[in-house]
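Open the model in your viewer and keep the selection tool at hand. The stops below give what to select and what is there.

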Amino acid sequence: MGISYSTAKWMAPASFLVDFAAQQYGMLSKPNMKDIHDRNLSFFSPQPFFIAGFFFPQQLFQLAWLYRLYKLDPKKPGERVELDQMVDFVPYYTIGNLCIATWMIFWNTERLDISNIFVVINSLTQLYYVFAKLPPMNTNSTSSILTHIVSKTFAGIGVLDLLHNGSVAFAKDQPATTMVKALTAVGFGVASAASDWIFGGCLVYDLVALAVGQSAIDSSWAKTLGAYAVGSAAIVGAKNLARPPYNGPDSGYSKTATDDVQDRV
């Protein structure tokens with residue numbers, strides 16, 4: 001998915017603006033996105049304000065990331081190192097924004113089966129980037145830190161979107177079965193064990209959002225989700241304390257010559 005620096009510098013902000021415009025449409029139209037949520041509940045319906053509470057700070061991180069993408073100069077060797085990682089993420093970032101924008105259109109027209117297609121594309125795209133493409137974080141690089149935050153929060157909320165939209169599209173008004181409860185425990189447990197603080201924190205947030213949302217639908221399932229959130233937090237904490245995920249002797253990250261150049265710029 002390699003693209004040029006010049007293409008990346010207009011593609012990423014353009015996709016952000018498209019997504020931002022779609023979010024305004026979703027909130028201001030009648031029915032709005034919350035109206036659709038309230039009419040379509042299932043065993044993975046979260047508290048909707050948790051989603052809004054997630055996206056506001058996440059968009060601030062996106063703006064900071066976009067500013068760095070625009071500001072860095074590829075003609076400067078140290079800045080080019082930072083820019084290369086950011087540009088590598090731009091196609092995945094763009095796909096995510098465009099999928100979310102398109103999802104909003106079908107969500108607000110209550111075509112949840114079609115909206116689910118774009119949720120799946122976005123969530124799998126972001127998860128693929130985070131686990132297969134994203135290089136280790138360089139804590140000496142603001143751009144690397146921001147790329148990790150933006151990509152992992154995209155993927156983290158994508159997990160919640162995947163569960164939420166899929167359940168209301170294909171299992172509306174249905175309770176969580178024993179199989180669903182078991183798979184949820186195993187899935188979040190395995191994902192938590194493979195996560196750093198950022199993505200792992202998102203998983204815990206997802207579970208809390210689900211637990212609060214389900215408290216008005218199925219109190220027993222809500223308590224179970226709350227217990228899963230505590231368990232997920234414990235796994236993420238233990239894993240990352242035992243093996244720090246970023247710079248350090250146990251992180252898997254080692255400085256290269258280009259990193260040394262970058263530190264001096």
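Select residues 48-71, helix α3, together with residues 142-170, helix α6, in this predicted model. The axes of the two helices come within 9 Å and cross at roughly 150°. That angle is over 145 degrees, so α3 and α6 count as roughly antiparallel to each other. The crossing of α3 past α6 is left-handed.

Next, show side chains at this contact. On α3, select I51, F54, F55, Q58, F61, Q62, A64, W65 and R68. Their partners on α6 are T142, S143, L146, T147, I149, V150, T153, F154, I157, L160 and H164. Sorted by class, the contact of α3 with α6 holds 12 nonpolar, seven polar and one charged residues.

Stay on α6 and pick I145, which lies in that helix. Is I145 buried, exposed or partly exposed? I145 has a relative accessible area of 28%, which makes I145 partly exposed. Draw a distance between the C-alpha atoms of I145 and W65: the separation is 9.3 Å, for residues 80 apart along the chain. For the contacts of I145, leave aside neighbours within four places in sequence; M137, N138 and T139 are then in contact with I145.

Move to residues 178-193, helix α7, and residues 219-242, helix α9. Here the axes come within 8 Å and cross at roughly 20°. Because the angle is under 35 degrees, α7 and α9 are described as roughly parallel to each other. This crossing is right-handed.

To display the contact, select K181, T184, A185, G189, S192 and A193 on α7, then W221, L225, Y228, S232, I235, V236 and K239 on α9. The contact of α7 with α9 comprises seven nonpolar, four polar and two charged residues.

The last stop is the cysteines. Select C99 and C202 and show their sulfur atoms. Colour by accessibility to check both residues: C99 is buried at 8% relative accessibility, and C202 is buried at 5%.

Note on methods. Residues are numbered from 1 along each chain as its sequence is written. This is a predicted model: local features need pLDDT of at least 70, side-chain atom pairs count only at pLDDT 80 or more; totals for chains, interfaces and linings use all residues. Side-chain values use heavy atoms; hydrogens and water are left out. Axes are lines fitted to C-alpha atoms, for helices over the stretch in contact, and angles run from 0 to 180 degrees between N-to-C directions. Helices (H or I, at least four residues) and strands (E, at least two) are DSSP runs, numbered from the N terminus. Angles under 35 degrees count as roughly parallel, over 145 as roughly antiparallel, 65 to 115 as roughly perpendicular and the rest as oblique. A crossing is left-handed if the near helix is turned anticlockwise from the far one by less than a right angle, and right-handed if clockwise. Contact means heavy atoms within 4.5 Å. Ala, Val, Leu, Ile, Met, Phe, Trp, Tyr, Cys and Pro count as nonpolar, Asp, Glu, Lys and Arg as charged, and the others, Gly among them, as polar. Buried means under 20% relative accessible area, exposed over 50%, partly exposed in between (1.4 Å probe, protein chains only). A disulfide is a pair of cysteine sulfur atoms within 2.5 Å.
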